[in-house]
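Me: I'm new to reading protein structures. Could you take one part of this one and walk me through it closely?

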Amino acid sequence: MTDTTRDLIHANASAVPAGVALGALNNGFHLASAKDFGSDIDVLNYALTLEYLEAEFYRQGNKANLVSGKEKKYLMQIGADEASHVATLTATIQKLGGTPVGAPAVDFGGAFESRKSYLTTAHIFENKGVGAYLGAAGFVKDKMILQAAAGIFGVEARHAAVVGNLLGLKAEGGVYQGPFEKGIAKGDVLKAVAPFLVDPGKVVAAITY
């Protein structure tokens, strides 16, 4: 096991108008294709971009004081997890000799208008993250990095379940998505999050190879 993969595994063990944006984010699911990624660094930078988005989403959402009590405790911890993912992925890319992509400028529109809009957007973000990790998994060449990425995948799925529960959603199709998770193609994920990006073209260009 390399130092890089050991660090990643260890870290994982620890740590627009609202209607339009939500509609775009909640796109259909498709498998990724081989042309999406040329190396493990490509996959990691793709994951890093999504983690930047999630970490900033929870930073802003938690600052808005839309939830309290148990809900606030859960969402604060989820935000801390996403920030940890950003730090871990950044360090891993650097140790592999790559250059981490920069954090994109974001605008979450009406996502923080109410408790419901915050939780609903969070739920969709988390499920998108689950699908994105699964969709890219088959293109990771280093098995130890794949194992570590699977650790983040699992945490994202748990986040989605927690938020779904807070929303009072039904079990299958709400709190969890069904007997099998489905991967999402890189292009579909980027299209889905584009409404929240100030300059989506710049983001796509930075992680398109």
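Reply: Let's look at how helix 3 (residues 40-63) packs against helix 5 (residues 115-137): in this predicted model, their axes lie 11 Å apart and meet at an angle of about 170°. Angles over 145 degrees count as roughly antiparallel, and the two helices are therefore roughly antiparallel to each other. On the helix 3 side, the residues making the contact include V43, Y46, A47, L50 and F57. Helix 5 answers with residues such as Y118, A122, F125 and Y133. Sorted by class, this contact has 13 nonpolar, 3 polar and 3 charged residues.

Now follow helix 3 itself. Its 24 residues reach 34 Å from the first C-alpha to the last, close to the 34 Å expected at 1.5 Å a residue. Most of helix 3 is covered, with 19 of its 24 residues buried. After the helix comes N65, which has a positive phi, near 55°.

Where do those buried side chains go? In soluble globular proteins, nonpolar side chains tend to be buried together. Here, the largest nonpolar core has 22 residues, and Y46, L48, L89 and V189 have the most contacts inside it. Two or more residues each come from helix 3, helix 4 (69-95), helix 5, helix 6 (143-166) and helix 7 (186-193). Helix 3 gives the most, with 8 residues. Apart from this core lies another, of 19 residues, with Y58, Y118, L119 and V193 among them.

Definitions and conventions
Residues are numbered from 1 along each chain as its sequence is written. This is a predicted model: local features need pLDDT of at least 70, side-chain atom pairs count only at pLDDT 80 or more; totals for chains, interfaces and linings use all residues. Side-chain values use heavy atoms; hydrogens and water are left out. Axes are lines fitted to C-alpha atoms, for helices over the stretch in contact, and angles run from 0 to 180 degrees between N-to-C directions. Helices (H or I, at least four residues) and strands (E, at least two) are DSSP runs, numbered from the N terminus. Angles under 35 degrees count as roughly parallel, over 145 as roughly antiparallel, 65 to 115 as roughly perpendicular and the rest as oblique. Contact means heavy atoms within 4.5 Å. Ala, Val, Leu, Ile, Met, Phe, Trp, Tyr, Cys and Pro count as nonpolar, Asp, Glu, Lys and Arg as charged, and the others, Gly among them, as polar. A nonpolar core is a set of buried Ala, Val, Leu, Ile, Met, Phe, Trp, Tyr and Cys residues joined through side-chain atoms within 4.5 Å. Buried means under 20% relative accessible area, exposed over 50%, partly exposed in between (1.4 Å probe, protein chains only). The expected span of a helix is 1.5 Å times one less than its number of residues.
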